[in-house]
Amino acid sequence: MAFTQLDLNYATEYSKAMANAYPYWSYFSDLYGSPNSAVYKPLNGNAVAVQSMTVSGARATNRNNITGEFNRNFNTSEQVLTMRMDREWDTLVDPMDIREDPIVNIGNITKTFNEFQKVPEMDAYAASTLSNAASGFGSVDSTSLTADNILAQWDSYLAYMVNQRVPRDQIRAKMTPDTYKLLKEAAGITRFVEADTGIRNIDRNVGKLDGVVIAEVPAEMMMTAYDFTEGWQVEDGAKQINLLMFHPLAIAAPVVYETSMMSAPTAQSKGKWLYYERYYYDVFALNQRLPGIFANIASLPALSTITFTTIAGADSTHTIIQGLAPAPYGMAYVAKSGASADLPDYGEALTSGWTVVNNGDAVTTAASQVITIALVNVTKGNTAVAGGSATAVVGG
């Protein structure tokens, strides 16, 4: 059978090559490749609706009768996630540049873009998004890590996550090279020496600790904030993420659109090749699984702001709270009344003097008093992550 030469579609071949390259170029391929990333994708528009369910517990059975009422013992809720990272890149390539410079070709150009821009951008976005999710939930620690304390801190982080029913052997850890160096220097880490070949190979790598897979990530790609106006740049004031721990199923990282196209030289492009690429992705923390994300950051975040209003209560000793959004899973609102606002510090445990409240609740107070409300992480001893205040309005 005669051989027939077919035209090659570079964009198609490039897409296949990228699928194979991601695990080698990306430090967060386990996140973008998690099962949730394929499940939670927008079907229409740019929103992803994540459905979750809660049910009541079981109770003792009555073997002698079936009297009583049957009730619906489950509730459903929906978390609507809006895709944010819709990105594009293009370049013109002059045929004369291709002829005169041996490294100028579409393959080299796109490979360089992906290695130094696209994939690092996606990794930086993943790290900053997950650290911000941990900050918003309150699962953040700012203890300065050393070779002497890193294993104790590691144990405390794992204990918290396992206590929240996060499977230990499914947790992933990303850390900067400096943090990884501390781990290697820690007393209690086993070293292996292989001498059976006659060459003493000393392996000091810590690829897995207590069942948790560990990976080093360059410090530049482990920051809390980036400017993505063009490419990715660390924002002024961004903090270093030393250690990031997560369960892949606590996160959805959909890549919902990825395409690349190339046009041959035309009069419209003034005789140049035109390459165009677009990709649409995001990283989301799922509300019901926020304990599955933990971060050690150089310093604690600032307290976020809660906005709410008050209206007159039923009498002169009560005011009603309005405007509070439902508290996320594992969190609650607490309130107190005083002569002035009493905003807590981030991470401060709020127990005595604070009362759990919800939107629409009446708070005991007096005229001209100030109501302070804080959002706390109940899984970590009511530690504050956000706060706000408003003047009380009481009834007659």
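Which residue takes a positive phi just after H5? In this predicted model, that residue is glycine 138, with a phi of about 100°. H5 does bend along the way, by about 45° at asparagine 114. Back at the start of H5, asparagine 105 brings a side-chain oxygen to within 3.1 Å of the backbone nitrogen of glycine 107.

Next comes the sheet. It is an open one, built from six strands with mixed pairing, and the order reads E4-E17-E12-E5-E9-E8. Strands E4 (140–141) and E8 (208–209) sit at the edges, each pairing on one side only. E4 pairs with E17 (residues 293–297) in the parallel sense, over two bridges, and aspartate 141 stands opposite asparagine 296 of E17. H5 packs on this sheet, touching E4, E12 (241–246) and E17, and its direction makes about 80° with that of E12. Helix H6 (residues 150–163) packs on the sheet too, with its direction at about 35° to that of E12.

Elsewhere in the chain, serine 34 lies in the loop between helix H2 (29–32) and helix H3 (35–39). Serine 34 has a relative accessible area of 5%, so it counts as buried, the cut-off being under 20%. Neighbours within four places in sequence aside, serine 34 is in contact with Pro248 and Ile251.

Technical notes: Residues numbered from 1 in each chain as written. Predicted model: local features only at pLDDT ≥ 70, side-chain atom pairs only at ≥ 80, totals over all residues. Heavy atoms only, no water. Helix = DSSP H or I, 4+ residues; strand = E, 2+ residues; numbered from the N terminus. Buried < 20%, exposed > 50% of the residue type's maximum accessible area, 1.4 Å probe, protein only. Contact = heavy atoms within 4.5 Å. Bend = angle between axes of the 7 residues up to and from the residue. Polar contact = N/O pair within 3.5 Å; in protein donor to acceptor, adjacent residues only side chain to side chain. Pairing = 2+ DSSP bridges. Axes fitted to C-alpha atoms, helices over the stretch in contact; angles between N-to-C directions.
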